[in-house]
Amino acid sequence: MTETGTGPLELYSGAHGKVMAVRLADGSLPALDFLNSIDARAQQAFKALFSRQLDHGVLLSKDRFRMLDDKDPHVYEWKVHSPRALRLYCIHEGSTWYATHGGTKAGETRGVKREVKRARAIYAEGSEG
């Protein structure tokens, strides 16, 4: 499902920031498409992670959230382990987390690097629009 409009789409907002889905030039929202494609249990798990981080200001567990590299812009992943290993990739800017895309666990180092590169490309395209 693609929402109509321009610019990023708000997915979640809390006292410590918000999560926005990056919108590409063609109007698609890869992060929203990913979230819509997973089951309700996994969707609720991601929403719980957003709440913990954005309502309460803390998400310290590397089992649930981590920075993937230290180059600008930093790419992070929110992680859900049940019913399968799912990842939602994002870039942090100020108090906003820009969700770029999601998928299953990348696994090997090459897979993680590929997802980091994809996250930056989606973010760059969305920033231009």
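Aromatic ring pairs in a predicted model

Tyr12, Phe50, Phe65, Tyr76, Trp78 and Trp97 are linked into a cluster by ring pairs. This is a predicted model, in which local features need pLDDT of at least 70 and side-chain atom pairs count only at pLDDT 80 or more, while totals for chains, interfaces and linings use all residues. Residues are numbered from 1 along each chain as its sequence is written, and side-chain values use heavy atoms, with hydrogens and water left out.

Q: What makes Phe34 and Phe46 an aromatic pair that is edge-to-face?
A: A search of the whole structure finds 9 aromatic pairs. In the pair of Phe34 and Phe46 the distance is 6.0 Å centre to centre, with 75° between the planes; rings of Phe, Tyr and Trp (its six-membered ring) pair if their centres lie within 6.5 Å, and planes over 60 degrees apart count as edge-to-face, under 30 as stacked and the rest as tilted, so the pair is edge-to-face.

Q: Why is Phe34 called buried?
A: Phe34 has 9% relative accessibility, and buried means under 20% relative accessible area (1.4 Å probe, protein chains only), so Phe34 counts as buried.

Q: Why is Phe46 called buried?
A: Phe46 has a relative accessible area of 0%, and is therefore buried.

Q: Why is the pair of Phe65 and Trp78 called tilted?
A: The ring centres of Phe65 and Trp78 are 5.8 Å apart and their planes lie at 45°, so the pair is tilted.

Q: How do you know that Trp78 counts as buried?
A: The relative accessibility of Trp78 is 0%, so Trp78 counts as buried.

Terms used
Buried < 20%, exposed > 50% of the residue type's maximum accessible area, 1.4 Å probe, protein only.
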